[in-house]
Amino acid sequence: MSRGTVSPVGARRAVPLLEVRSLQVAYGGIQAVKGIDLHIAPGELVALIGSNGAGKTTTLKTLAGLLPLSSGQIHYDGKSLHNIEAHQRVSMGIALVPEGRGVFARLTVHENLQMGAYSRNDQHEIASDLARMYELFPRLAERRGQLAGTLSGGEQQMVAMARALMSRPRLLMLDEPSMGLAPLMVQKIFETIRDIAAQGMSILLVEQNARLALQAAQRGYVMESGSITLSGAAGELLGSDAVQRAYLGS
Amino acid sequence: MEILLQQIINGLVQGSVYALVALGYTMVYGILGLINFAHGEVVMVGAMLALSALTALLGMGVPPVPALLFSVMVAMAGCMVLGYGIERIAYRPLRHASRLAPLITAIGVSIVLQNLAMMIWGREYHSFPQLISNDTHNFGGAIINDIQIVIFILALAIMAGLMVVVHRTRLGCAMRAVAENQHAAQLMGVDINRVISITFMLGSALAAIAGLMVSANYGLAHYYMGFLLGLKAFTAAVLGGIGNLRGAMLGGLLLGLIESLGAGYIGDLTGGFMGSNYQDVFAFFVLIAVLVFRPSGLLGERLAERA
Ligand SMILES: Nc1ncnc2c1ncn2[C@@H]1O[C@H](COP(=O)(O)OP(=O)(O)O)[C@@H](O)[C@H]1O
Ligand SMILES: [Mg+2]
């Protein structure tokens, strides 16, 4: 397995918001993540790409606290996340938009967004954030009283993103936000991701659509069967032969 | 005609109690996908606790109404602790075990509770003291007494209150979210263990009130009362569609009516061969019929996929 770095990223030496060291995760006896290292600086948009089954979702779920790690360390904002449960990580500022969206189908759009603010107590601020979400996604404003299960896939993805933003995260993790969406909707979702990133939020973006992800990101990691095989500046990954061959089909 | 009306009134009153108990089954099923077969025993403990508190307070010369209110509180508090404990001890350790495992611990908990109750309160029937006036009212030829009126109105009010909690509050929203997708709920910052505990405690508080109502209505309580009552309320929950709150209420009221009308007319139906003492059999006819013809219940849609 080639473990290469396309370009040195040592220039950026700010204290990382997220730092993962030698992370291993297993399902029963089967290792899905085999000792990966990665970090995200404040305000950075980082893409994690790789083919189906590489271990991307497993990595995100572990970072969110939904899966236990078998070894390694996760540090967030300088603190170890060891023994911190998923629901506690939310109030620390970690949000995950899960694969398949995980929208509450039998709750209304509005209730879904309110659930996003479950970890917060500042009622006034929550109300103004809700209003902001409806500005950001006018489609959702029209459908706020509708059960989320009745929405289209793209609209559900908007609900999932707006809901995650309602927790006011500092680290937003997105698991395949473009999955199953029409091209126009994919564009809209990626525009939103860029906007959010431009406002300074740190984002870890998992995608199978490598080109889109690397075009939006500053840095990227390539994951293959549980290991990170390549990392570097997004532009250089886009141009590298290995990525071109494996993920961009050229 | 008077008989019909009388049976309807009796059925609705008894049915409203079934509905309160059925809600406990259905809330737990909705959130965990398991049937808490120990729930009937929680109703029994509620009745027994209330009765003990009431007897003690009246013995100390406390006036009836404060005594009754305080007894309800004691029963509710006791049952909430019990419901919390049942989940922690019998179900939480088995959350990822096979579906059969919590069923077996539920039966174990039921047996333990029945035997504890027998040791504490004995095998005899305890009679419910005459407290509030029990005047009867003539209602179009049918008779309804004060206790029945209080039971029915209180039960409806409690159900309405529960619907408000579940559909209008932050906690209720979290309960529905956990019921639908536990992982996603955690990602919203919901402590699912806390929500599950609260759900058991809410259901147990309803059970305590229902236990008091049953013993007030029949004037009796005993250590074995939870078994049949629990089975019937479970039937009501299945009839309405288990996991569905409105279904539990509808199922409870319907089962009460079916039982009461069935008991009223079973003599005619069988040419005098069976009397109203066969009324308990209707619940089981209903249970079997629902399981055969409409396992998802009247308002449910997901039983087949989850059970
Ligand atoms: N719940 C699970 N139980 C067992 N194995 C799993 C489970 N989820 C994923 N895996 C396995 O772990 C590996 C990584 O999966 P995943 O993290 O979903 O990959 P990706 O998101 O990159 O497609 C795959 O081989 C997959 O089959
Ligand atoms: Mg995946």
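What distance separates the centres of domain 1 of chain A and domain 2 of chain A, taken over C-alpha atoms? In this predicted model, the two centres lie 23 Å apart.

Chain A contains 10 helices and 11 strands. The radius of gyration of chain A is 18 Å, close to the 18 Å that the globule rule gives for 250 residues, so chain A is as compact as a globular protein of that length. Along its principal axes, the C-alpha trace of chain A extends over about 50 × 40 × 40 Å.

I turn now to the domains. The domain assignment places residues 18-93 and 169-247 of chain A in domain 1, and residues 108-167 in domain 2.

How do these domains meet? Contact involves 14 residues of domain 1 of chain A and 13 residues of domain 2 of chain A. Together the two domains bury about 1,100 Å² between them, and 77% of this area is on carbon and sulfur atoms.

Which elements give two or more residues to the side of domain 1 that touches domain 2? They are α2 (86-92), β8 (171-175) and α7 (183-198) of chain A. The largest share, six residues, comes from α7(A). By class, this side of domain 1 of chain A has 11 nonpolar residues, two polar residues and one charged residue.

Thank you; I welcome discussion.

Definitions and conventions: Residues numbered from 1 in each chain as written. Chains lettered and ligands numbered in written order. Predicted model: local features only at pLDDT ≥ 70, side-chain atom pairs only at ≥ 80, totals over all residues. Heavy atoms only, no water. Domains from an automatic or database assignment. Contact = heavy atoms within 4.5 Å. Buried area = accessible area lost by both parts, 1.4 Å probe. Helix = DSSP H or I, 4+ residues; strand = E, 2+ residues; numbered from the N terminus. Nonpolar A, V, L, I, M, F, W, Y, C, P; charged D, E, K, R; others polar. Rg over C-alpha atoms; globule rule 2.2 N^0.38 Å.
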